[in-house]
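User: Could you walk me through this model with me? I'd like to go topic by topic.
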Amino acid sequence: MQYYEFHYALLVGLTQGAQPILSYNLGAGNITRIKKTFKLLLCSCLTGSVLIWLLCMFGSEITAGIFTDDKELISYTAWALKIFMCTSAIFGVQVACQYSLVALNQAPTAIFLSIFRKILLLIPLIFALPHFFENKTMAVFMAEPIADTLAVCTTALLFLINFRKMITGIKNNSNK
């Protein structure tokens, strides 16, 4: 799914640009700049996610039409794409938080979140969901948005927990 790859590449580019700023300010103990940078990154990633989601939801037929003239295939592709990408508007939270954890010296948590999303959630859902839906194809396509939603919620929670601990640690070290 090219939409997904385009979506992910946009978000990764934003986060990779913010990582050196976050890391530098972590080392400098500049909590205000860390918070400001993360908020800007999160807003940028969410904006990018929503824009790609809008393109997907309202332009999927046009995109599918670039690759084929077959009306039935265009219709099916647009249907599948809308299911596959239905929760992509919130995916900016996942990427912003996960990549920020790497920049903020929390790489093991970021690695866990990556494994959690694709291996612990997505793969089992791909195999399990067809047992619960009459339309087996739709069930497989639904695995991605379900995994993404669960991963975004988990990532946001773990990010907040780790971020608060990190801020507390910086404050404690600066008071010594």
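User: Which helix gives the most to the lining of the largest cavity?

Analyst: Helix H6 (residues 136–174) does, with four residues; helices here are DSSP runs of H or I with at least four residues, numbered from the N terminus. Please keep in mind that this is a predicted model, in which local features need pLDDT of at least 70 and side-chain atom pairs count only at pLDDT 80 or more, while totals for chains, interfaces and linings use all residues. Residues are numbered from 1 along each chain as its sequence is written, and side-chain values use heavy atoms, with hydrogens and water left out.

User: Which residues line that largest cavity?

Analyst: The lining is made of Leu101, Leu104, Gln106, Phe159, Asn162, Phe163 and Met166. A cavity is a set of points, on a 1 Å grid over the protein atoms alone, where a 1.4 Å probe fits but cannot get out, and lining residues have an atom within 4 Å of a point.

User: And how do they divide into nonpolar, polar and charged?

Analyst: Five are nonpolar, two are polar and none is charged, where Ala, Val, Leu, Ile, Met, Phe, Trp, Tyr, Cys and Pro count as nonpolar, Asp, Glu, Lys and Arg as charged, and the others, Gly among them, as polar.

User: How much space lies in it?

Analyst: About 30 Å³, the volume being the space filled by probe spheres set on the grid points, which are joined across faces, edges and corners. The structure holds one cavity of 30 Å³ or more.

User: Switching to charges, how many salt bridges are there?

Analyst: The count comes to four, taking a salt bridge as a side-chain nitrogen of Lys or Arg within 4 Å of a carboxyl oxygen of Asp or Glu. One of them joins the side chains of Arg117 and Asp148 at 2.8 Å, N to O. That pair links distant parts of the chain, with Arg117 in helix H5 and Asp148 in helix H6, 31 residues apart.

User: What else does Arg117 meet in a salt bridge?

Analyst: The side chain of Glu144 meets Arg117 at 3.4 Å, N to O; Glu144 is in helix H6 and Arg117 in helix H5, 27 residues apart.

User: Is Arg117 buried or exposed?

Analyst: Arg117 counts as buried because its relative accessibility is 7%, and the cut-offs are under 20% relative accessible area for buried, over 50% for exposed and partly exposed in between, with a 1.4 Å probe and protein chains only. Glu144, at 6%, is buried, and Asp148, at 5%, is buried too.

User: Where is Asn105, and what about its phi?

Analyst: Asn105 lies in the loop between helix H4 (91–103) and H5, and has a positive phi of about 65 degrees although it is not a glycine. Most residues other than glycine have a negative phi. Asn105 is exposed, since its relative accessible area is 65%.

User: Last topic: which residues make the nonpolar surface patch?

Analyst: Ile111, Phe112, Ile115, Ile119, Leu120, Ile123 and Phe127 make a patch of about 680 Å². Patches are made of residues with over 30% relative accessible area and no salt bridge, with like charges joined within 9 Å and nonpolar side chains (Val, Leu, Ile, Met, Phe, Trp, Tyr) within 5 Å; the areas come from the Shrake-Rupley method with a 1.4 Å probe, and for residues only the protein chains shown count as cover. Phe127, in helix H5 (residues 107–128), counts as exposed because its relative accessibility is 61%.

Definitions and conventions
Helix = DSSP H or I, 4+ residues; strand = E, 2+ residues; numbered from the N terminus. 1 Å grid on protein atoms, 1.4 Å probe; cavity = no way out; pocket = protein on both sides within 12 Å on 5 of 7 lines; lining within 4 Å.
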